[in-house]
Amino acid sequence: MNANVITDSMNKDFVLAVEGLTVSFDGFKAVNDLSFYVDENEIRVIIGPNGAGKTTVLDLICGRTRATAGSIRFKDRELTKMKEHEIVRAGVGRKFQNPSIYEDLTVFENLEISYPKGRTVLGALTFRRDAAVKERVQEVAETIFLADQLDQRAEYLSHGQKQWLEIGMLLIQDPELLMLDEPVAGMSVSERKKTAELLNRIIKDRSVIVIEHDMKFVEDIAHKVTVLHQGKILSEGSMAKVQADPKVVEVYLGH
Amino acid sequence: MTTPAPTSGRTFFLRRQDMIGIAILAVLLMVVLPLTLDNFRLQFVGKYLTYAFVALGLALCWGYAGILSLGQGVFFGLGGYCMAMFLKLEASSVENTKIQTTPGIPDFMDWNQITALPWFWEPFRSFGFTTLAVVAVPALFALIIGFALFKRRVGGVYFAIITQALAAIMTILIIGQQGYTGGINGITDLRTLHGWDIRTDSAKTILYFVCVGLLIACILLAYYVKSSKLGRLLVAMRDKEDRVRFSGYDVSSFKIFVFCLAASLSAIGGAMFTLQVGFMSPSFVGIVPSIEMVIYTAVGGRLSILGAVYGTLVVNWAKTSFSESFPELWLFGLGGLFIAVVLIFPNGLAGLWQTYVAPRLGPLFGGQARRAAPPPASEPVAPAVAE
């Protein structure tokens, strides 16, 4: 077990190093002096009761919320000073809690927009839908079980399919760090199973941070679990270790 | 394996029904109307068409990108004033103005005790500079506004209110700076373009055709933008701005682009207005004309490029015929029309066409639903785990 006694000089070994991260909203510290490290190819699951600051942590990493103090280093680049789109281009992908897709566009167009080419005004004006784009869209669509629905307007997809589409939109960006906020919320049992299978397939060669409440699902996928409570880490380690932790049982699992 | 998206089969940026739509509009404006209307009425249509440029810009900016600007009159005016300055300078030759205290400057300057041409009027002696300025000055102005607002993520209602305030400010500025702008009367008594008298009937007919030609060119440009990836990005931004941002795009730069494009389109309309009508005044800059322009777009259907043109023609035709008979009732009519559009047919004329007319005309006119229809209810929501 890697103890949390880590010095700055060792940060290079981690894909993501969060240190002393604090954010306060009008004096309320949603995230309070938080430090954690994510390894290469690791699946980290963050759990915790409502209001523990889980989504805020993801917001901080992807630049949606600005940190009051602390640092977030991604492959030795400081993210806290970067703009949102720069963070994405550096290799961080984020899936939102509610499926966030473009309802007025087709599945194909949704994926195409996320394809990392033509991201400037001029680039978008001159963007050509060439064979490479079509091939990649097709490939991702097959991965996310939507190959038959490429021409469908995204608004007509089911809730689960919308979640998959958004995962596909991240996949096509090929991020090194993928952050998923409750990817199976609101899914049926069969959809949940397929999603776990999907996640297990797409995590190769990348690190993943997942927020999830579904303990069965967490058990299926997590390498390591971080339990947040009131903006601080309550416990961290393997699923078994965390589940046995009396503090965790008291504030979260016991309920 | 499935077939690739059908849209990818399109090699040119226009779909078949778009080409037919543009061709019909071109025939209507270039053949049907000139043959059926007398000169007087045709000049009216020419004037309406200059507003269609604004509506076209609004269709992109408001309809597609969701940015409602209530200040497009500012850009229409800037384009119009640029052209008016050139024409006024040509009309104010020393010979024409020898009775003035200072000959060779525009008459209204002389009346306001200005004795030398202001520096910013000087470049407008060149027609080349003027044509460039017609497009560039409003775009630059829009760039500054867009940069200031979109980079700070000002949007929605706040953006609309600020642009409306700009329209008011611009009007006050023009009226207040009489000596430089001609004040409330505007810049009048425009006569010739490189010696070609623009006041004659034949000149007005030629200018009508120039205006139609430019409009068609701008429509093609709008279609190009709409069908490019940028067009789809605008729709995506309107839907889920954050998702676009977190897909690696600098959202503000796309908003700035479309706002500048809409500004330039409006300005081309403004310049054509000045040429055809023969003057430019602050009454085309302020809040009321700016809102009227939004109504044209709404009536036409804000998601339709061609709809914007038809909306402009219909509303203006109604305005002219209505206010000839009941001048005092027109504003109520306009207000009623706007309410009707919002409540009864939110997609405007284009929406009515697509819902009621096109399905009867067959696929050539886009009669078949352009995108796949919703799946039948019986279709399973997600494939069951059969394996």
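These legends describe close-up views of a predicted model.

**View 1. Six strands of chain A form an open sheet.** The strand order is S6-S7-S8-S3-S9-S10, and the pairing is mixed. Strand S6 (92-95) and strand S10 (232-237) of chain A stand at the edges. Each has a single partner strand, so one side of each lacks a neighbour in the sheet. On average, neighbouring strands here are turned by 15° against each other, direction ignored.

**View 2. Strands S7 and S8 of chain A run parallel.** S7 covers residues 177-181 of chain A, and S8 covers residues 207-211 of chain A. Five bridges join the two strands. Which residue of S8(A) is the bridge partner of Met179(A)? The partner is Ile209(A). Helix H1 (residues 54-62) of chain A packs on this six-stranded sheet. H1(A) touches strand S3 (43-47), S6, S7, S8 and strand S9 (224-229) of chain A. The direction of H1(A) makes about 145° with that of S7(A).

**View 3. A hairpin joins strands S1 and S2 of chain A.** Strand S1 (residues 16-25) and strand S2 (residues 28-38) of chain A pair in the antiparallel sense. Seven bridges make up the pairing. Val18(A) stands opposite Phe36(A) in S2(A). Two residues lie between the strands of the hairpin. In this hairpin, Asp26(A) takes a positive phi near 50°.

**View 4. Four strands of chain A form an open antiparallel sheet.** Their order is S2-S1-S4-S5. Which strands of chain A are at the edge? They are S2 and strand S5 (77-78) of chain A, and each pairs on one side only. Strand S4 (residues 69-74) of chain A is joined to S5(A) by two bridges. In one pairing between them, Phe74(A) has Arg77(A) as its bridge partner in S5(A). H1(A) packs on this sheet too, touching S1, S2 and S4 of chain A. Its direction makes about 70° with that of S2(A).

**View 5. Chain A touches chain B.** The contact takes 43 residues from chain A and 33 residues from chain B. Several helices of chain A give two or more residues to this side: helix H2 (84-90), helix H3 (107-114), helix H4 (121-125), helix H6 (159-171) and helix H7 (189-202). How do the residues on the chain A side divide? There are 16 nonpolar, twelve polar and 15 charged residues.

**View 6. Chain B has 15 helices and two strands.** The radius of gyration of chain B is 23 Å, close to the 21 Å that the globule rule gives for 387 residues. Chain B is therefore as compact as a globular protein of that length. Its C-alpha atoms fill a box of roughly 95 × 50 × 45 Å along the principal axes. Buried residues make up 43% of the chain. Take the contacts in chain B between residues at least 6 apart in sequence: 79% join residues at least 24 apart.

**View 7. Helix H12 of chain B is mostly covered.** H12(B) runs over residues 287-300. At 1.5 Å a residue, its 14 residues should span 20 Å; the end C-alpha atoms are 20 Å apart, which agrees. Ten of the 14 residues are buried. Among them are Met293(B), Val294(B), Tyr296(B) and Val299(B). What covers these buried residues? The cover includes helix H2 (39-64), helix H3 (72-91), helix H6 (156-176), helix H13 (305-325), helix H14 (330-343) and helix H15 (348-361) of chain B. Gly301(B) follows H12(B), and its phi is positive, near 110°.

How values were computed: Residues are numbered from 1 along each chain as its sequence is written. Chains are lettered from A and ligands numbered from 1 in the order in which they are written. This is a predicted model: local features need pLDDT of at least 70, side-chain atom pairs count only at pLDDT 80 or more; totals for chains, interfaces and linings use all residues. Two residues are in contact if their C-beta atoms, placed from the backbone, lie within 7 Å. Ala, Val, Leu, Ile, Met, Phe, Trp, Tyr, Cys and Pro count as nonpolar, Asp, Glu, Lys and Arg as charged, and the others, Gly among them, as polar. Two strands pair if DSSP finds at least two bridges between them. Axes are lines fitted to C-alpha atoms, for helices over the stretch in contact, and angles run from 0 to 180 degrees between N-to-C directions. The radius of gyration is taken over C-alpha atoms; the globule rule is 2.2 Å times the number of residues to the power 0.38. A residue is buried if 20 or more other C-beta atoms lie within 10 Å of its own, exposed if 12 or fewer, and partly exposed in between; C-beta atoms are placed from the backbone. The expected span of a helix is 1.5 Å times one less than its number of residues.
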